[in-house]
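Dear colleague,

I am passing on the structure we spoke about, and I would be glad if you could look through it alongside the notes that follow.

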Amino acid sequence: MSDLIAATDLSNARTLALAGRHGGSGAAALTPAAPATRLSLRAKPEAVSALSAALGVSLLTKPKTSASSNGRHALWLGPDEWLVIDENEADLMAAVASSGVLHSATDVSHRNTAILVKGFGAETAINGGCPQDLSLAAFPVGACSRTVFAKSEIVLLRTAEDAFRVECWRSFSPYVFGLLSEAAEDAGN
Amino acid sequence: MWPKQAWKHVYEPQIRAAAGLGVSPTEDDTDHYSSRYAHCDVLVIGAGLAGLSAALAAAKTGARVIICDEQPEVGGALHYDKSVTIDGLDGFTWAQATAANLKQMKNVKVLPRTTAFGYYAQNFVGLNERVTEHLAKPDKKLPRERLWQVRAKRVIIATGAIERHMVFANNDRPGIMLASAARTFLNHFGVAVGKKIGVYTANDSAYEAAFDLKRAGVTIAAIVDSREKPGEGVLAEARSLGIEVLTGHGVVTTSGNLRVSSMSVARNGGGAARKIAIDALLMSAGWTPSVHMFSQSRGKVAYDNETQRFLPGTYAQDCLSVGACNGTNDLQATIEESLAAGELMAQASGYSASQKLELQGSNAFSWSGGMAGAAEGAGPDTTVKAFIDFQNDVCAKDIRLAVREGMHSIEHIKRFTTNGMATDQGKLSNIHGLAIAAETLGREIPKVGLTTFRAPYTPVTFGTLINHARGELFDPTRKTPTHALEEAQGAVFEDVGQWKRAWYYARAGEDMHQAVNRECKTVRDVAGMFDASTLGKIEVVGPDAAQFLNLIYTNSWDTLKPGRCRYGIMLREDGFVYDDGVVGRLAEDRFHVTTTTGGAARVMNHMEDYLQTEFPHLNVWLTSATEQWAVIAVQGPKAREIIAPLVEGIDLSNEAFPHMSVREGKICGVPTRLFRMSFTGELGFEVNVPADFGPAVWEAIRAQAEPLGACAYGTETMHVLRAEKGYIIVGQDTDGTVTPDDASLGWAVGKKKPDFVGIRGLRRPDLVADGRKQLVGLLTKDPKVVLEEGAQIVADPNQTLPMTMIGHVTSAYWSENCGRSIALALVAGGKARIGETLYVPMPDKTIAVEVSDMVFFDKEGGRLHV
């Protein structure tokens with residue numbers, strides 16, 4: 001029995017939603033992001049500091065803001081809601097469980113996938129389907145927002161002046177990637 | 001017209017063809033279109049003198065400026081008015097230099113060939129940019145057109161004015177045109193529109209067209225002015241150029257075959273006409289300010305009696321009109337008004353000017369005059385063709401007829417005559433039509449009213465409006481993690497909302513019916529595996545989670561122990577079934593809720609809505625986890641045997657892991673939430689694994705399943721199997737008017753519960769009355785006949801029409817496992833009719849059915865608990 005289990009250990013056998021995709025243009029290159037762990041974290045104001053300490057990254061409370069530290073990002077999504085992303089795939093559920101304060105954490109590592117958009121036309125490409133003002137003044141580096149990209153919900157994080165991380169649900173990712181590709185093609189003009 | 005039948009095939013097609021409405025293409029559009037959202041501090045609509053001045057002033061403050069113009073290049077009226085100089089430069093040259101200057105500024109976007117077509121709420125303006133239409137060999141990568149959706153903090157409307165034609169007999173001959181058109185031909189394109197040209201005007205501006213043409217060597221036969229007193233400046237200039245001016249005169253008709261060859265001129269009020277040979281006739285009745293954008297912004301126009309114009313009156317949004325569209329005639333006044341507006345709007349957006357901009361402009365003449373309505377020569381004859389709407393062929397006489405027929409509102413007159421209803425929306429004709437109507441009615445123009453300006457300003461192609469949303473990008477196509485594997489296994493997919501779901505797996509030589517029969521048999525005899533990933537999943541977390549579910553569902557959740565599951569019914573406030581699903585309790589404070597595939601999003605919203613508005617005191621949070629998990633259902637007598645070798649850390653025995661339980665452990669080394677539950681009536685498991693592991697685990701389970709004789713099955717088989725067990729599908733067997741009791745689910749309503757959503761609704765008299773439609777089973781007398789879903793049911797097939805219908809079929813299938821057809825139906829007083837014979841009248845026959853209970857297979861339910 002134990003031999004059989006060893007023979008079928010599939011813990012490295014992930015099939016990524018956007019595996020093999022590449023696209024974009026000279027203005028905005030598109031790359032599927034590597035797997036990451038993610039939490040949908042909900043908590044009241046009094047729990048914020050303990051959770052921040054447990055995560056090692058601040059849960060900011062101002063709309064459209066995020067904090068990052070060593071590949072771990074905490075994105076404000078709502079008055080009691082954060083999306084926590086760890087690019088090093090650390091165990092986020094365990095991290096918040098150690099906080100000892102009232103909160104709700106749900107593992108959404110596989111629910112979301114992400115597309116990295118980079119280039120001088122990144123802003124324009126995303127504005128091909130996203131109605132938000134993405135100018136640096138309105139949406140500086142570190143700004144984040146749960147918003148729409150045409151007919152899909154996305155979570156947008158600006159990682160550099162010319163780079164964004166676009167998070168979306170797994171089954172919407174081919175649509176988001178396809179539309180971003182067309183918009184990226186147009187973004188250089 | 002007779003015969004009546006000819007209308008459809010002869011008269012109407014002929015009339016439509018004659019109307020020139022064109023033919024909608026049937027081929028695919030080979031071009032592509034794009035879309036872009038943009039934000040700015042100041043959007044300037046129109047890039048003539050006013051728009052450019054305003055944009056310049058705004059841009060100099062550092063504000064983000066977008067300026068657009070529908071023409072290929074900026075300049076507006078400077079295209080033709082060669083008398084203008086700005087800061088010492090020829091007007092058109094200044095415009096191009098200014099645009100070049102603006103283009104170099106990082107905070108400015110200059111968009112020529114771009115029409116602002118719609119002004120929506122909160123300064124949201126739609127622009128249509130024609131990107132490659134003017135290019136002979138466009139770069140294929142470039143879109144043909146681009147839709148811009150601009151949110152502007154402030155908008156400056158600088159849309160200018162449109163010249164009106166004169167309304168007189170036979171004013172539609174080729175060669176008769178607006179004076180500004182002839183002047184543009186001459187000054188911008190270097191084309192003289194004739195050799196001997198007549199001018200008919202009520203306004204000074206046409207004189208300048210005559211002067212320019214005369215200086216270019218063209219003969220001006222005469223300027224016919226309906227006024228007794230034209231502007232003194234232009235009159236003197238005409239005399240010094242030797243042009244004959246006939247004041248107080250009108251053109252009473254024209255002649256000519258392929259183009260105009262003469263105009264007949266007579267003194268106003270009658271008298272003999274003099275025929276003057278010409279080969280072109282320029283006309284101008286004055287200028288209509290383009291208040292379209294202002295009006296679309298819901299601003300109210302006001303009538304200026306002195307100048308007989310509608311001008312921007314009360315503003316509704318953060319915008320300003322400048323220049324000709326604001327009724328400002330003087331050149332220097334336009335410049336100053338526009339510069340001030342640019343600066344003001346930038347300031348309002350938070351910017352300030354470091355220095356005052358100044359521009360000095362001059363032109364030859366200031367213009368006066370203008371008229372609205374019919375000139376001499378337009379009638380009162382009822383046969384004279386004095387056109388006011390060239391696109392819809394409406395003449396002055398038609399407006400008069402409309403009034404005589406009793407139309408007194410301009411809205412009625414418009415619809416009676418179709419004046420202004422063509423694609424130009426009356427840009428030329430509205431004011432004339434209004435004036436003629438007012439005159440005929442003996443009322444003042446503002447009393448007759450003005451029709452509403454609507455988007456789009458000019459037509460916009462469908463391609464631009466839909467832009468990227470075509471083909472695969474029309475709508476998101478949601479595929480489950482294991483979709484590709486299922487496709488390779490021969491799955492045929494059906495659409496369920498945006499999802500693609502495996503419908504059935506056809507093997508070589510099988511049709512759908514055969515495939516479904518085989519799948520149904522295999523699941524009950526051996527086992528089957530099914531992709532249930534699309535089921536909605538909501539994680540409900542918090543110390544008050546059970547209390548929240550008590551309020552949302554009809555049944556009780558306090559008694560559910562961690563590790564166990566329960567089937568739950570959710571009602572709307574009105575007491576009718578809204579959704580159902582199995583809920584597993586993972587911990588005291590954590591539930592894994594499942595919903596129907598189609599209900600996932602709305603159930604989440606429904607729960608979130610109640611949580612935030614009705615139960616905000618509860619410490620509980622909801623998270624959509626639908627896409628976190630790939631779900632592989634393994635159902636059938638051999639289900640345990642299939643998954644057992646793969647599962648670690650969970651005792652799968654019936655005693656340790658009974659029906660309606662959930663455990664967390666590992667399958668193939670991958671974390672799993674393993675449910676023991678069933679929508680088939682068989683021993684069943686639902687393997688939840690993180691989505692990316694779905695394909696590998698699917699293949700691992702398949703490798704166990706196939707040697708045992710199990711197979712993959714699709715949604716059709718799932719539907720049949722659940723119907724064999726009488727398990728309902730919300731939305732198919734219920735329709736928003738079905739209570740739990742109607743669906744024989746009364747057992748799932750907590751009788752002792754003090755409150756839940758829908759509890760008061762359930763007590764309404766009609767919801768507890770006798771004779772309600774109830775869900776029952778139907779067995780056709782002929783077991784081979786499968787009923788049609790949606791078919792109506794009657795008690796007496798011999799009654800007179802219209803028959804009294806007592807219910808309808810909600811689900812009907814061939815059941816290979818029962819060896820006969822089965823059906824579910826909503827029937828009035830159905831539960832009391834069990835054993836009765838009812839009838840389903842169909843077009844070709846009447847089918848006799850016996851009412852039964854809803855369980856057709858394994859009535860005792862023993863197969864669930866092995």
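What radius of gyration does chain A have, and how does that agree with a compact globule of 189 residues? In this predicted model, chain A has a radius of gyration of 18 Å, which agrees with the value near 16 Å that a compact globule with 189 residues would have. The C-alpha trace of chain A spans about 55 × 50 × 25 Å along its principal axes, and its secondary structure comes to five helices and 11 strands. Of the 189 residues in chain A, 50% are buried, and among the contacts in that chain with a separation of 6 or more, 62% are between residues 24 or more positions apart.

Turning to the contact of the two chains, 41 residues come from chain A and 42 residues from chain B. On the side of chain A that touches chain B, the elements giving two or more residues are α1 (2-7), β3 (37-42), β7 (104-107) and α5 (173-187) of chain A, and the largest share, six residues, comes from α5(A). Sorted by class, that side of chain A has 14 nonpolar, 16 polar and 11 charged residues.

In chain B, seven strands form an open sheet with mixed pairing, in the order β34-β35-β36-β37-β33-β27-β38. Because β34 (647-648) and β38 (711-712) of chain B stand at the edges with a single partner strand each, one side of each is left without a neighbour in the sheet. Strand β27 (residues 528-531) of chain B runs antiparallel to strand β33 (residues 629-635) of chain B and is joined to it by four bridges, with M529(B) standing opposite V634(B) in β33(B). Helix α15 (residues 512-525) of chain B packs on this sheet, where it touches β27, β33 and β38 of chain B, and its direction makes about 115 degrees with that of β27(B). Helix α19 (residues 694-705) of chain B also packs on the sheet, touching β27, β33, β35 (661-667), β36 (670-676) and β37 (684-690) of chain B, and its direction makes about 10 degrees with that of β33(B).

There is also a helix pair in chain B to look at. The axes of helix α2 (residues 49-59) of chain B and helix α8 (residues 331-348) of chain B come within 7 Å and cross at roughly 35 degrees, and the crossing is right-handed. The residues of α2(B) that meet α8(B) include L49(B), S53(B) and L56(B), while those of α8(B) include I335(B), L339(B) and M345(B). By class, this contact has 12 nonpolar, four polar and one charged residues.

With best regards

Definitions and conventions: Residues are numbered from 1 along each chain as its sequence is written. Chains are lettered from A and ligands numbered from 1 in the order in which they are written. This is a predicted model: local features need pLDDT of at least 70, side-chain atom pairs count only at pLDDT 80 or more; totals for chains, interfaces and linings use all residues. Two residues are in contact if their C-beta atoms, placed from the backbone, lie within 7 Å. Ala, Val, Leu, Ile, Met, Phe, Trp, Tyr, Cys and Pro count as nonpolar, Asp, Glu, Lys and Arg as charged, and the others, Gly among them, as polar. The radius of gyration is taken over C-alpha atoms; the globule rule is 2.2 Å times the number of residues to the power 0.38. A residue is buried if 20 or more other C-beta atoms lie within 10 Å of its own, exposed if 12 or fewer, and partly exposed in between; C-beta atoms are placed from the backbone. Two strands pair if DSSP finds at least two bridges between them. Axes are lines fitted to C-alpha atoms, for helices over the stretch in contact, and angles run from 0 to 180 degrees between N-to-C directions. A crossing is left-handed if the near helix is turned anticlockwise from the far one by less than a right angle, and right-handed if clockwise.
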